[in-house]
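Dear colleague,

Please find the structure below, handed over for your use. My notes on what was found in it follow directly after.

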Amino acid sequence: MPGMLKPAGLVVAASACALAQAQQPTFRSRVETVAIYSTVTDRNGRLVTGLGKTDFQVIEDGRPVDVTLFSSDPQPATVVIMLDMSQSVGPRELLARDSAQRFVDALEPGDRVRIGSFGVEIALSPLLTGDKDELTRILREELWPGGATPLWNALFAAMSSLDGESGRRVVLSLTDGQDTVSLPGWPGTLDDVRRKALDEDFMIYAIAMEGSGLARPIVDLADATGGGHFEVKRDADLAATFAHVLDELRHQYLFGFAPGTLDERTHKLEVRVTAPGLKARSRTSYLATAGK
Amino acid sequence: MPIRRLAIAIVVSALMAPRPAAQSADVLVPVLVTGADGLPVSGLVQRDFQLIADGQPHALSSFVAGPSPASVVLLLDTSASMDGRVGAGIAPVGLASSLDAWPAGDEIAGDRWQVGRISHGATPVATFASAPEGIRDAIRAALDVPAVDRFGPSPVWDTVDAGLSALESTPGARGVIVVTDGRATGNRLGVRDVIRHAIAAGVPVSIISEAQDDSMGLGDRRVLIVRPELSLQLLAEQTGGSYVRGFSLEDATNPNAPAPRISALLTRAATEFRRSYLLGFETTKSDGQLHKLDVKVARPDLRVQTRKAYIAGPFR
């Protein structure tokens, strides 16, 4: 069951026997599942749904693995929306707010969202909820403009706010992708963000407003985590882009497989679609760990 | 007995039986009366007041004329947004500078104060202190905020809610004073939730604001002016508190500036709590809803400040 997946994408139920064996050079355990969420698009970038397990191949370190879990059912989303309220985004703060509102309006039962912003401060709502009225209140009452762009601090805080949450964990950031400041006392460099996102299986999405573009590091991060990045050509398309991300999350495929070892190393991952002209986007690695 | 006669007897018996009296509850309403100079007016008596609830005059069931020692919760916003245009790190320094020697003594005589701060990871409101030195220590402790907390969210409404809870079971004159810029973030509650709580508790919330207008854009050259003070004004007006805009952190850190005003504003707010009248009336309503409330005084030269509603029955 997808809902049973641990945050790091590994479920380990080791027996006493396996624990004893774990002290040997080889790592063995009874049940382990690496979870991979994948988005499939055609040549025109349109979402492709309705594929079956046999349409895919999951590759670990260059070798196909036996997929033990597959689902094409809509998956509930756990998302932190981080809105850049810094001066470099303005004067488009209300456009950002209204676009996030479109995302909130389209939520379905089971989806949960936390809203945050960054600029002068990093402000994450304590509420992780599917209550649209609460989320609307936060969007209307708790966004304030100004300040520089503590992007990495903000992304690190957004991921940390989902520590302990299970299943697919997503951070969706509206930003120009340029980190310009680190706030006093707040953890999170680019390296910290990359390590946490990859090791703990967070999916990063980034949306840039018209003209601002996205800096390379956040584009690479989104690609590596199986998320996505969008640079809207016109600000008027921003709300539709938010809606597209939610649609994408809703139509991702879920794969699971048992890793060969829990060797505390990072292993390469790839999801291939056997049908021509289709492309699968998913995280490009996982950390084989029994911990966390 | 024939069945019909028995039925009539039962009905008559039921009609004759004494009806259980509707449960009535006392509602206490703090009322501040000020003169043309804006200062509290003392010496009024019960017959000078008229209390109107749900559009109907109500007899007063109790009346207390101040001054009475007040229980006050002071909440200081130490978040980074308070630095505003005066520069990074100025807010706590400015507040500390302004309040370092306050209270000196008599200005809050007899009052009990709790001091808390509004910032990420804020500690619960500390215990009550009455001695000036104890209050000054509490202020210093509240302003000793780690940088990581300053640059986190500003849970203004949640912190005010906690302050109201701290005063809920405290008898007598009470009030919350909030020093803030109104840029509230990271709250579980909205301003309307806090207004309901304050009205239910009968506790006025007074605001000393550093709110500055800002603007937010729609991306098509249209810009809206954002005024955080609107929520603050609403909170003060609906709960019977005062709203003051205009203390200056720049002045507070400028040795050549006039005497820091924020300390005077705190003294004034506390004086208003202390010198408020406490009116009581009975209601049989218990629907948990907001009911309109108005208080008038016989003299047209006086201004009445009180909460705009009461909540009948249990809150939340």
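D176(A) lies in the loop that connects strand 8 (169–174) and helix 5 (190–199) of chain A; helices (H or I, at least four residues) and strands (E, at least two) are DSSP runs, numbered from the N terminus. This is a predicted model, in which local features need pLDDT of at least 70 and side-chain atom pairs count only at pLDDT 80 or more, while totals for chains, interfaces and linings use all residues. Residues are numbered from 1 along each chain as its sequence is written, and chains are lettered from A and ligands numbered from 1 in the order in which they are written.

D176(A) counts as buried because 22 other C-beta atoms lie within 10 Å (buried means 20 or more other C-beta atoms within 10 Å of the residue's own, exposed 12 or fewer, and partly exposed in between, with C-beta atoms placed from the backbone). Leaving aside residues up to four places away in sequence, D176(A) touches D84(A), S88(A), V89(A), A208(A), M209(A), S212(A) and G213(A); contact requires C-beta atoms, placed from the backbone, to lie within 7 Å. D84(A) is 92 residues away from D176(A) along the chain, yet their C-alpha atoms are separated by 7.9 Å.

Strand 1 (residues 34–41) of chain A is mostly covered, with seven of its eight residues buried. Five bridges pair strand 1 with strand 11 (residues 253–257) of chain A in the antiparallel sense, where pairing requires that DSSP find at least two bridges between two strands. In this pair, V34(A) stands opposite F257(A). Strand 1 also runs antiparallel to strand 13 (residues 279–281) of chain A, joined by three bridges, and V40(A) stands opposite A280(A) there.

An automatic or database domain assignment divides chain A into domain 1 (2–73 + 251–287) and domain 2 (78–250). Their contact takes 20 residues from domain 1 and 18 residues from domain 2. On the domain 1 side, strand 1 and strand 14 (285–287) of chain A each supply at least two residues.

Between the chains, the contact takes 25 residues from chain B and 26 residues from chain A. Helix 4 (147–150), strand 9 (214–217) and strand 10 (223–226) of chain B are the elements that give two or more residues to the chain B side. Strand 9 of chain B gives the most, with four residues.

Yours sincerely

Technical notes:
Two residues are in contact if their C-beta atoms, placed from the backbone, lie within 7 Å.
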